[in-house]
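Subject: Handing over a structure

Dear colleague,

I am passing on the structure below, and after it you will find my notes on what was found. Please read them with the structure open beside you.

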Amino acid sequence: MPEEMLESVKMYLRLDGNLEDDLLLEMIAAAMEDVKTASGKSKTADGQDIAKSSLYRTAVKMLVAHWYDNRGTEIIGKTVTPLGNSYNAILAKITTSQEYK
């Protein structure tokens, strides 16, 4: 399923080419797992896979973008940018909404 999101994530990150496709596919798979685990949801209320939800897909893109932008950052005296409030709001919506199971 990460393959289905690859082009969309690359557009979100404004990336061309395929040099980092393997890295992105791993990040997408990890983000998909993270959102499902963190929310405790895997289906929409009508029984479809949560991956079909636009809200879920947006959360995955945001998480991949954060990881991509902050990969390998270990700068002494400088903190990594925290994950944005928008992601946390989306995750909270998925977690608490009756639209997801």
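Read along the sequence, the chain follows the pattern α-α-α-α, that is, 4 helices and 0 strands, where helices (H or I, at least four residues) and strands (E, at least two) are DSSP runs numbered from the N terminus. Please bear in mind that this is a predicted model, in which local features need pLDDT of at least 70 and side-chain atom pairs count only at pLDDT 80 or more, while totals for chains, interfaces and linings use all residues. Residues are numbered from 1 along each chain as its sequence is written, and side-chain values use heavy atoms, with hydrogens and water left out.

As for the chain as a whole, its C-alpha trace spans about 45 × 30 × 20 Å along the principal axes. Of its 101 residues, 36% count as buried, a term that stands for under 20% relative accessible area, with exposed meaning over 50% and partly exposed in between (1.4 Å probe, protein chains only). Among the contacts with a separation of 6 or more, 69% come from residues 24 or more positions apart, a contact being heavy atoms within 4.5 Å.

Helix α3, residues 54-69, has 16 residues and reaches 22 Å from its first C-alpha to its last, close to the 22 Å expected at 1.5 Å a residue; the expected span is 1.5 Å times one less than the number of residues. Its buried residues, among them Y56, V60, M62 and H66, pack against α1 (2-13), α2 (21-39) and α4 (85-96). The N-terminal end of α3 is capped by S53, a side-chain oxygen of which lies 3.2 Å from the backbone nitrogen of L55.

Leaving aside residues up to four places away in sequence, K10 touches L15, G17, N18, D21 and L24.

R14, by contrast, is found in the loop between α1 and α2 and counts as exposed, because its relative accessibility is 76%. The phi of R14 is near 60 degrees, a positive value in a residue other than glycine.

How values were computed
A polar contact is a pair of N or O atoms within 3.5 Å; within protein, one must be able to donate a hydrogen and the other to accept it, and residues adjacent in sequence count only if both atoms are side-chain atoms.
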